[in-house]
Amino acid sequence: MRGVAGLYLLCTSSLVLLGQTAPDFRRDVEPLLAKRCTPCHNANLSQNGVRFDDREAALAGGYSGPVIVPGKPEESKIIQRVTSTKNGFRMPPAGPPLTPAEIAVLRAWIQNGAEWPQDPKKQQPSAEPATPAQTHWSFRPVVRPPLPNVTLRSWVRNPIDRFVLARLEREGIAPSPEASKTVLLRRLTLDLTGLPPTPEEVQAFLSDSRPDAYEQAVERLLASPHYAEQRARAWLDVARYGDSDGLEKDLVRPWAWRWRQWVIEAFHRDMPFDQFTIEQLAGDLLPGATLEQRIATGFHRNSLTNREGGTDPDESRFEQLVNRTNTTATAWLGLTAGCAQCHDHKYDPLKQKEYYQLFAFFHRSEEANIDAPLPGEYGPWMRRRPEYLEKRAALIREFDVEALQEEWEEKIRWTMDNPGKDPDWDFAVSNSRPMLDRFEYLLRKGKKNRTEKENEAVFYWFVRNPGPLKPDRDIDKIRCLAEFRRRLEKLDAEYPRLSEAMTMIELDPPPQTYIALKGDFRARGLPVEPDVPAFLPPLPKDAPRNRLTLARWLVSRENPLTPRVVVNRIWQEFFGTGLVKTSEDFGTQGEPPSHPELLDWLASEFREQGWSVKHIVRLIVTSSTYRQSSHVRRDLKDKDPENRLLARQNRLRLQAENIRDAALAASGLLNTQVGGPSVRPPQPKGVAELGYANSVKWVEDEGPARYRRGMYILYQRTAPYPMLVNFDAPDSFTSCARRRRSNSPLQALNLLNDPVFFEAAQALAMRVIREAKPEERIDRAFLLTLGRLPTGRERERMERFLQEHGAKLAGRAGEAASLLPLAPEHAAWTSAARALMNLEEFITRE
Amino acid sequence: MQEPDLTALRNRRRFLKEVACGIGMMGLADLLAAEGRTADSANPLAPKKPHFPGKAKHVIFMFMEGAPSQMDLFDPKPALQKYAGQPLPESLASQLRLAFTKKDAKILPSPRVFRPHGQSGIEFSDFLPHIASCADDICLVRSMQTDAFNHHPGQALLFTGSIQLGRPTMGAWVLYGLGSESKNLPGFVVLSSGVGTSGGASNFSCGFLPSHYQGTLLRNTGDPILYLSNPPGVSPETQRETLDLAGDLNREHLAETGDEEIASRIANYELAWRMQSAAPELADLSSEPQHIREMYGLDDPVTRQFATNCILARRLVERGVRFILMMDASWDQHTYLNRDLQKNCNRTDKPTAALIKDLKQRGLLDSTLVVWGGEFGRTPIVEIRNTASQESYGRDHHPLAYSMWLAGGGIRGGQVIGKTDELGFSVVEDPVHVHDLQATILHCLGFDHTRLTYRHMGRDFRLTDVHGQVVQKMLA
C-alpha cells in the first residue's frame, strides 16, 4: 500500500510530497483543513470536541483524545480517519474521500512535526461576532422591566394587563369585553381545579354582589385540594410520570404514587418552587433529610427500566441517565439537551462535553427503594416485627434455607466470574440481573455487608427464583423450597408490612463519567466532571459537585432560565399557549416570546415573591387579560390568527383526565378523594393484552376506586388506558412540556360509547330527575354539565327532543329499560344527558 | 413539513382566493393542489401528495415479533453443519453482543432443507412452502442490520428510527405524510395475533405527532374498534337522534363563539357515526367466497387467527386504509427452536402467501407494499437453557445479520439483496440497515426520507433519524 502510494506521489511531481520536504502549513495544509475539516470542527461547531481552526485546540485533540500526534502520522487519528474505507468512520463523512495526494500532504506534515505557526491575526483579538451565548434572549439575565404606559387605564387590574394592553394599543387593537359571570366561574373552576363548578357554586357566585366576588372565588379555589391536584397533573407531564417500568414486561411500580402524593401536597402548601426543585433533585442530600424529602427524589425514578432478560446493565443505566439529563434540561432550563448526547448542539451553545458534565451529576446517583410508612403503619409493624422475625427465622431453620441460599449465592458469584461454563446458571444470572435492582452489586457485596433491606430483597428474590438447582441432585430441595415459599407467604400475609417509596441516593465513591462518543455508551471518550454549561452562570467555586449543588444552581438568582421556563408553563395552563409557544425549547430554535417584558416581569416577580406558584397563578387569573371573553374575533382573523396578542381568551379543549373528571362530576359519580394509590377503572378486554406476552394484568377496581379522578388512573406505559391516549395524554416516556389538543372520530366514539361515559349519562339522568321538578330539569342539566342556563333556542330544542324521543321510547320498552333501568319512563333523559356530555362545549373551557 | 395549522391555512386560502380573483380563478385549485391540499384540508387526515409520485399507496407491515431465525427460514448456511459443535472463531465472537448465550457457545446447524423456487430460484426453507411459492414477487434481503439486541429497543428502532422511546412510529409518519383515503375508517390500523409484543402500543404510537396519527387497533374480540358499538341496548335510531340533538346544540354554540374547532368536532361525530357501520362491515368476513376462505386457511383452526388478519389487511387496503401494521408474537425462539418455529410457520405461512396472491389477482399488489420481518435475527450459535434436552436448544438475539422480505408497490420481486458469510454471522455484501429499510419504504411511497420531517423540541425529526439511504437495488 505504502509502495503504491509512493509511486503515485512521484507521479504527482510535487517534491513536497516525497516526504523529504515538509509541507508548508499555510500553503499546503491550512487550505485543505479549511475546505474539508473545519466546516464541522470549529469554534462554534466542534464535532466530537475536535477543532482545526485553532492551533492549540487542534493539537489538544477531541473527546476521544489527541487527533494529531506530531511525528507519528500512523498514530494520528486524523490519518486513520481520512484513510479508512469504512463508511461512517471515514472522514470527511460527506463528499468524496480525500485524494491520495491530499492524504500524503497531511501525512508528511505530521511526519515533519505538524508545524503550525501562530496565527498572526490571533495576536490582536478582533471583535469576534457575538455568539448566541451572549445574545440569545433567554440566556441573558432576567431584568425586571418597568411597567409600560397605557391609555385605557380603567381596563388594567394588575401589571400583567399593563404589558398586554400596551402591546394591543401599539397594534391598535381593543381588548375583548369580560366574559359572562357563568363563563368566568366555569373557566376559573376548571383551570384551577380541573373540575366543573357545581350548580350551587354557580348560583352562589351569580348572587354574590360584592365587588370582589370573583377574587373571593379565586381564593376559595386556590385553597381547594383539587387546585393542588390540577397543578400536580401538569408537573407530572414534565416529570414523565408513569406507574410502570415502560419497557417489555412493563412491571407495575406499586410505589410510584408516593412521589405523586408528595407533589400534590407540595402544591397544596404552595411550597416555594426553589425548595420544590431542590427536594426533588436532591432531597436525599439535604442535611438531616426527612422521609418526605427522600420521597421527593422519586422525580427521577420516573425514568424507564428495562427488565428484559439479557439486557446489558450498562446500556440500561446509560439510557436512564440520558432520560434524567434530558428531563432536567427540559423541566428547568427549557433546553433540548438531548441533541448534545451525540454531538455538539447544532443551534444552541451546548457542547457534547457539557452534556456529559450535566449527565455526570446523575451518574453519581443510584436508585434505592426505602421503607416509607404511611401514617399509622409504623406502630403495628414495630410491635409485631420481633414476633414475625422469630417465626420467620424458625421457618428458615426448619427448611435449612440459609444454607441453600448461601450455596445459591456462591454459585451465582462463581457464574458471574466464569460466564459460559454452565449455561443453566448463565441463564439464571442474565435473567436475574435486570429483574432484581442492583443484582450484581448486592450479590457481590455478600450477606454480611448488605443492609437489612438489601438482605430482604436478595432473600425474597432467591426464594422465588432459586434458579437451576439441578433436578437430579436437588429435587428434594426444590420441593422443600416450594413448600417453604408457601409457608412464608402465609406467614407474611399475617403480619403488617411497611409501604415503600422509590428514591435516589448518592454513590460513594462517585464513579467516573466519560463522554460517550457519538452518544454510544460503549465508545468511551475523555473523562468529565460534573458541571453546568459554560454559557450559563458558573457553579459556586467550592461547592461539592453533586445534585444538591446542581439543584441550588438551577434556582439561584443568577440562573436566567428556570424562572422564565417555569412561569411560562404556568401561563400556558391558563391560556393554552405559553408566552413562549415552544415551552419545551427556549433555545435559538424555539419561538421568541410574544411579550418578552411580561415574561421577564413574571419571572422576576416569581423569584421576588419567594417562588410562590400560587402568587403567579393568582396574578394571572385575576387579570383582565384572563377574564376576557373567548369568542373568536373576526377583526383579528388576519391580524392575529393565533391570538398571540391576547385580545381575547382562548377556548381550550379539556385535557384527557379532566374530561373524565367533568363527566363523573356532572353526573355525581365522582369520588373526590385526593391522593393515594393509582386505580384501575373498567377497560375493555384486549387493551392490557397488547402488553408483552400477557404480562400486563388489568384487574378492575371495584367500588369507589372506579370513580376516581383521571389523574389517578394507573398509567401502564406499554398499554395505557385508551381514553387517556385518545385525548392526548403524553406517553410518559420522556418529559412533555406541552400537550397537543387533537380532535378525532375516536374521541367521539369514546365519549359516546365507553361504558364509563354511558354510566355517567345514566347517573346524570337520574340526578336531574331526582333533583329537579319536571319544568326545571333542562335548566338543571345545563347547569350540571355546562355551568349555565340554556338559551331559549336551546331549551326549545331540548324540549322537542325529550318529547319526540320520549314518545318513541315509550313504544320500545326494552330499550327504555336499557337506557335507564331505574326509571324507564324517563329514558329519554339518558339520551339527553348523553347529548349534553358529547357537546363540544362540555369538553371545552370557554 | 409542518402539521397544517388550521388558522394559518384558512388565512392562506383566503389570501389565495383574493389573489386568485385578481389573476383569474384558474390558479387557486392548482396552488392548493401544489401544496398537496384539497378543499377539505381543514381535516388533517385529508389525502396529501408526497414529494414525488410513489408506486405504493398502502403499506402492510407484517411484523413477526421476537426475531424469526433467518438461517432456518431464508438464509441457507450449509457450512453450519461443517462447523457444528465448534465455537465461533475469536475474530467473530469478539463482535458479539448477546442477551443470554455466552461467546464460546457452539455452532448450531439448521436441520432445514432449502430449495430454490420460482423462475428466480430464490431458496427458502421447507418451513415456508407457501411463501416460497411467491418467490418471484419477493425481494429477499439477507443483509439486514440493526443496532439493538433487546426486543423493546429493537422494535423502537425498527418503528421509530431510535432506541429511545417517544418518537412517532412508521405508520404515524406515513399517515402524517400522505393522509388517509378512507372516509370512514382510521388511516392507520393495527392487527394483532398470538401473544402481546414487547413494544405493545409503543409500536404504533404517534409519539410527538398529534393523536389522530396514532394507530388504531382492530380488535380480535368484542368491538373491532374500541367503543365502536352503541352502549348495550341503545338502538341505532336512538344513537342517531342523540347525535342530531348534540349536532344542533353544537351548531348553536358555533354560531355564538365563531370557533371553527366546533365545526371539526361536528364533522368527527359524523365520521364516528359512519365508522359505526363501516367497521363492522369490514370485520364481517361472511361475504368472502369459499375459494378465498380456503386460500387463506380461514376455516382451519391452525391458521384461522392469522388468516383472519390477512384477509382483514386486504379488505383494509381495498377501503383505502393507508398503513396496516400486523403484529404477530412471538418468534423469540431461545428454546425449542425447531418445534416452535414450525408452529409459527404453520400458523402464518399459508395466509401470508394467500395475501400476496390475493392482492396480486385483484391488481392491488402494485400499489401495496408488503414488508415481512422482525426486529433482529438469531445467532448461528446455540442457546441452551436446559442441558438435558437437545430438543430444547434455541438461538439467541443477533443484530449483525438477518433477513427480511418485501413485495409489491415499488419493489422489484424475484431477487435477493445482500449476502452473509458462510456462518450467517456478518453481512459481506450490500448491508441494509434498519434506517435504510425505512428510507426505502418511504421512497416507495413517494417520500424523500430526509424531507418528511416534523419540528419538535427545536429540531426537525424524521423516521430515519439522521441516517438511512434508499436501497436502489430493491426498487422496481
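**Exercise 1.** Work out what share of the contacts in chain A with a separation of 6 or more joins residues 24 or more positions apart.

*Solution.* Start with the term: two residues are in contact if their C-beta atoms, placed from the backbone, lie within 7 Å. Then read off the share, which is 68%.

A word on the model: it is predicted, with local features needing pLDDT of at least 70 and side-chain atom pairs counting only at pLDDT 80 or more, while totals for chains, interfaces and linings use all residues. Residues are numbered from 1 along each chain as its sequence is written, and chains are lettered from A and ligands numbered from 1 in the order in which they are written.

**Exercise 2.** Describe the overall make-up of chain A.

*Solution.* First, the secondary structure: chain A has 36 helices and six strands (DSSP runs, H or I of at least four residues for helices and E of at least two for strands, numbered from the N terminus). Next, the C-alpha trace of chain A spans about 105 × 85 × 55 Å along its principal axes.

**Exercise 3.** Find how chain A meets chain B, and which helix of chain A gives the most to that side.

*Solution.* Begin with the count: 85 residues of chain A contact 73 residues of chain B. Now the helix: H31(A) gives the most, with eight residues.

**Exercise 4.** Decide whether B:Ile292 is buried, partly exposed or exposed.

*Solution.* Locate B:Ile292 in helix H10 (residues 290-296) of chain B. Recall the cut-offs: buried needs 20 or more other C-beta atoms within 10 Å of the residue's own, exposed means 12 or fewer, and partly exposed lies in between, with C-beta atoms placed from the backbone. B:Ile292 has 17 C-beta neighbours inside 10 Å, so B:Ile292 counts as partly exposed.
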